Amino acid sequence: MPRDQSACDKNKAGLGISISLALCCAAGLIVCGAVIARPVLETGSLSFREANCTTITSYYTGQKPRCSCGKYCHSWYPCVRVLVQYVPASLLNTTARLAVMFDTEGGLEGGRSAAEDRQCATRPCSGDHGDAALTRFNASYGPGRAYGCLYSPDDPGFVILTRLFTWNAMFHSMLWTSIGTVIFAALSVYFGLKSKTETAPEGNSTGIRMSENDKK
């Protein structure tokens, strides 16, 4: 009995750990899909090409989107819209094109279809309402500033400053969380079945002993 009880306890512990890890991997898969894969796929940022941008104008739209800056921290930031002219790096002799600028594909995903006063070039969320971050941003990308950027040949009306995620980042984030989910889900099934098979004989032997006592 002590040995059977010990084996049963180990299986239950293994089952609990496997279920917990499977749930963690599944949650990680959902987060990676929402944070990494969705912006990359919806904006097509992997196909963006290099260009040379110059800011024409930037202005505060008057909107103040709310945001969460951490646990028990809620803030807002003033929306800054930035218009640029850009020339594709591979076509330096072509006519400059006009576009709306966003800092990353994450900003482009939400801002591309938004109203003009909601097309915020950057979204600094902090206790000071993004004041320090916006000061640095305006100093680097204010009117007349030239810098490298990325544009989409399929949607030339928008550019981004930098690509946050590469193909490898998206692939590996989805791959390993998917593998972890499958492995730990399989282990959960294994430990669950093993627990049932090891507790079944104990119940049968008890039943036999009871029937023998009844005969006496």
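How many strands form the closed barrel, and in which order do they run? In this predicted model, the barrel consists of 5 strands in the order β1-β4-β5-β7-β6, and their pairing is mixed. From one strand to the next, the twist averages 45°.

Strand β4 covers residues 80–88 and strand β5 covers residues 97–102; the two run antiparallel and are joined by 4 bridges. Across this pairing, Q85 of β4 faces L98 in β5. As a general rule, side chains in a regular strand alternate between the two faces of the sheet.

The strands β2 and β3 form a hairpin with 2 residues between them. In this hairpin, Y72 adopts a positive phi near 60°.

The description now turns to a helix and the protein surface. Helix α4 spans residues 167–215 and includes I179. This residue also contributes to a nonpolar surface patch of about 480 Å², together with W176, I183, L187 and Y190. Is I179 buried, exposed or partly exposed? I179 counts as partly exposed because its relative accessibility is 32%, a value that lies between the limits of under 20% for buried and over 50% for exposed residues. Membership in such a patch requires over 30% relative accessible area, and I179, at 32%, is therefore above that cut-off.

Definitions and conventions. Residues numbered from 1 in each chain as written. Predicted model: local features only at pLDDT ≥ 70, side-chain atom pairs only at ≥ 80, totals over all residues. Heavy atoms only, no water. Patch = residues over 30% accessible without salt bridge, like charges linked within 9 Å, V, L, I, M, F, W, Y side chains within 5 Å. Areas by Shrake-Rupley, 256 points an atom, 1.4 Å probe, with all protein chains shown as cover. Salt bridge = Lys/Arg side-chain N within 4 Å of Asp/Glu carboxyl O. Buried < 20%, exposed > 50% of the residue type's maximum accessible area, 1.4 Å probe, protein only. Pairing = 2+ DSSP bridges. Axes fitted to C-alpha atoms, helices over the stretch in contact; angles between N-to-C directions.
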